[in-house]
Every structure is written in C-alpha cells, then in structure tokens.
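Subject: Structure handover

Hello,

Please find the structure below. Some notes on it follow.

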Amino acid sequence: MVVFDLDNVLIDTETIDEIAKIKGIENEISDITLQAMQGKIPFEESIRQRVKKLEGISTEEIDEALRDIPLNNGAIETASELKKQGYKIAIITGSFDVMAERIKEEIDADYAFCNILEVENGKLTGEVSGPLVTQNKVDVLRQLVDDIGITLDECAAIGDGANDLEMIKNAKIGIAFNAKPILRENADFEINEKDLRKVLDIMADEEKITQEEVVEETIEQEPEVTENTTTEEEIVAEEETEATEEVEETEEATEDASEEETIDYSILNFQQLLQCKRTLEAELTDLKNVRDKMNEETKEFRKERDELNQQLKDTLKIALEKRNTRDEINKEVRENKNLRNECNEELKKVEWNSGKKEISNIQAEINKIDKTIQTKVLDIRKENELVKRVSDLTKQLKKIQSDEEEEKTAAQLKEKSEQFHQKVVELSDKAQAIHEEMIEYFNQIDGIREKADAKHQDFINSRNNATAKHEEVKAKLSEIRKVNKFMDQAKAAPKGRKAEEKSDNDVREKEEAEEIFQKFKDGKKLTTDEFLLLQKYNIM
C-alpha cells in the first residue's frame, strides 16, 4: 500500500489556508500551521486553534473557495500506475473532509482518513472532530494495515511535515516530498520537486525493494537434486580397475579447483565430477542449515516486534481510556462547580432580600454618626440631635426581625453549596489521580515504541542476512545442477567408446573367420575355437 498526505503533497496548498482566505485571516492561520509543521506545537492544539478561527464561514463559501484547487503534477498518473502494479492507495491527512473526499475520487484512492469540520445551520461552528485530531497518523495506518491484513513493511508513505514523521519512520519506505528539515532527516528518500511521478521512480528501485522483501515467506522451493544411482553404480563397476588411480587424480583436481573461482567441469571425468558433487552437496547442507537458522531468528524477531507493537497498542488504548475517563470526571467537576456557584448566587440574593439588608443599612448609618461625633467639633444642639438619632436607630434595629422563611431557605442553599463544593473536591482529586495514571501509560508508550523500533531493525537486518544466505543456497544449487549435466555427459561417453571398440573387434573377428574358412576349404583342420568363431558369424 502507498499512503499519501494531502496538503502540499497531493495538492499544492494547505486546505485550511484556502478556507481562511474567506475571512482574510490566512496569515494568522499560516503562522499556526507553520509552527505545527515544524514541530513547535502539538498538532492537536494547532488544529483546534486554527479551526476555531474559521467559525461562521458558510459551506457554500468553502465549496466555492476549494472548487478550482488543482492536484500536484503527476498525482493521477502516479496513483493509476501504482494501482496497476497491485498497490492499494490511501490518503491519511490531518486536513478536512471538504477536500479529502474530493481528492479521493479524483485519484481513485481506496481509503481516505481525515478530520471533519463541524457544521450547524450551514456554517462552521469552530469545532473539529475525526481520527487525526487526537491520534498520530501512524496509529491510523497501523489500524488500517491490521484491518486489511498487511504489515507496515508492505507500505510506502509520502509526507511533508512533522505530523508525518512517525508514519514516515515506521513505513517500509518513507518519502519526504518537498518537506521540512525534520522529515528529510528521517526519510528514506527525498523528492525536492513538485512532481509525484518521482514516487514511481523510487518504487521501481529494485535494489531497495529487494532489501525489504519478506524472505522467509517468499523464498522459492529449491528443486530436488536427484541422482541416477543405478547408472552410476554400473559405471563405477565398469571402471573398478581404474578406481584407485582416479581417486588420487580426483583429490588433486578438487584441491586445484577449490583454489579457483570457477571450475571447468568439462575436463573432469565421472569420478572427479562425482567427488565435486558430493563436496557441493555438503556445502549446500551447511548453507541451508545456516539460512534456516537465520529464518528462525527472523521469525523470532518479527514475533517479538509484533508482541511489542501489540503491547504498544494495548497500552495506548488504556492511556486513551484513562484520558476519556479523566475528561468525563472533569466534566462532572465543571457541572458541580456551576451548581455550587448557582447556590452561592441564590444565597446572596436571599440574604439581601431578608431583614439583613435593612439591618445592614441601619448599622451603617449608626457607624457613620458615631464617627461624626467622635471626629468633629459640634455645638451642643447639633450633638444632641445626632445622639438622639443614634438612639432612635438603635431602637429600630432591635425591633427588626429577619424573615424566618428566608433564613430557612438561606440555610438550605448554604448546605447545598457545601455539598456541591465537597463533590468538586472529591472529583478533582479523582481526576488528578487518573490523569497521573494516564501520564504514566503515555510514558510507558515511549519506552515500548523504542523497543519495538529496535526489534524491527533487528528483524530487517536478520531478514536481509537470510536473503543473502538464500542467494548463496540458490547459487550452490545451480552449481550442482551444472555438475549433474556434466556427469550425464560423462556417463554416456564410456558407453560410446566401448560400443565403438566392440564394433571394431567384430569387424576384425569376422575377417579372421573368413580367412579361417578359406583355409578350411583349402584342407586346413579347425580347432574348437576356430569352429565356434565360424559359427558365430554364420559362416558354416
């Protein structure tokens, strides 16, 4: 599978910047985008900040703004060619559905994962949702490959920014497309021109792809090495008298041949070829044992890596569950805070509306008069008036009684407020404890990911070593087949010579028989052997 980012990869712009132009805030948005792409602020924080600024833009305005944005050079051609070669095409982007769904159709992609701009009454609410708000792209990719039954080792990923980093690092082939420095430093390949057809060149790099093939699952079945045992035994029996001399010659020839890079099998006789074959088969057995051991080691590395990746996935799941639980509790905290504050506001109103308000006013006036008497020089008449006023106010204060119903209501509100406050404290403590657990799980994730990456590298190295050793096995098999061919030729050669010798003997014997017969006709007496020879050739 080949995975593309959307903004600045499949299209030559940032979707959110184009939407921002509608409100004339593209510079504000671009600044936040740049910080995110450079890895200076978390992507989730940046996406929420930017989308918030788009609140109120209508979907009609967005459709109009995005309608004519073209694809980058070679996008359709590259996707089409990759699909012809059997690759699935996926788009994984932190950008938005308003652009991603259109591009998916235009390049005929198999999958598209993006974020969703929330809309209400035909206008953006300033909120955003989707898999790429809270998750890393590599997490989405891992889930995808699990769902369709492949591995990250069968994926190539193309991106341009910091939020593509983990995806680029974990894919089999990571390609930085006109990318920021942080991505170029970690990618396997760079494309520094706006032409996606360069992706095809990279994918066609046979050497790179070969290095990344899954050896233990794709190694071809070696052909069996068979021998015509019966024929060899016959030949050996026929040449039994020469065996001792030929063994010595074979040992010398084999020693000489081992010092050379190639052996000229055409100059060796059958016995020498047989010895070469046995040596090659022994070497083949050793190579196969080493290769099989490497394949077992590779499988073990893969198993350990997959276990770590599963542990990573499980730990991430727990961390996200902790975060969701914490957020739910914090939601309860906010609700109880609001209820507590509402009670406190009601309590103030009740206390103000009760007799306490009048008491407060009278007491304030008494305090004011007392201060005047103490701080100012007054004539006797004025002072007496103020003293009398204080006396009257004091009597009035004693007569005032607070409303009992208001007092009861105030007490109830106060009790409720305290209950809500206690709930706030308890929930806050609980949320904090779960938050700390969440942080611990996220810290574990970093350690597990580091181990998984290291084990994945062990897997790749071991697999490449097994590939190289398998090539040696294939070469040895080829050499054995070559020896077999020359052995077949050597088997046929002795038979031909003996038949030729036999034919020559027959001619000579027949001529001799004819001479004997001629002498017999002249009166010569025949021995038993001569008589049998004449019978053999039907001369008499």
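How far apart are the end C-alpha atoms of helix H8 (residues 137–148), and what span should its 12 residues have? The end C-alpha atoms are 17 Å apart, which agrees with the 16 Å that H8 should span at 1.5 Å a residue, because the expected span is 1.5 Å times one less than the number of residues. Helices here are DSSP runs of H or I, at least four residues long, numbered from the N terminus.

This is a predicted model: local features need pLDDT of at least 70, side-chain atom pairs count only at pLDDT 80 or more, and totals for chains, interfaces and linings use all residues. Residues are numbered from 1 along each chain as its sequence is written, and side-chain values use heavy atoms, with hydrogens and water left out.

After H8 comes Gly 149, with a positive phi near 80°. The buried residues of H8 (buried: under 20% relative accessible area, 1.4 Å probe, protein chains only) include Asp 139, Leu 141 and Arg 142.

Arg 449 lies in helix H19 (residues 404–521). Arg 449 is buried yet has no salt bridge (a side-chain nitrogen of Lys or Arg within 4 Å of a carboxyl oxygen of Asp or Glu). The nearest side chain of opposite charge, Asp 446, is 4.1 Å away.

Regards

Conventions: Helix = DSSP H or I, 4+ residues; strand = E, 2+ residues; numbered from the N terminus. Buried < 20%, exposed > 50% of the residue type's maximum accessible area, 1.4 Å probe, protein only. Lys, Arg positive; Asp, Glu negative; His and termini not counted.
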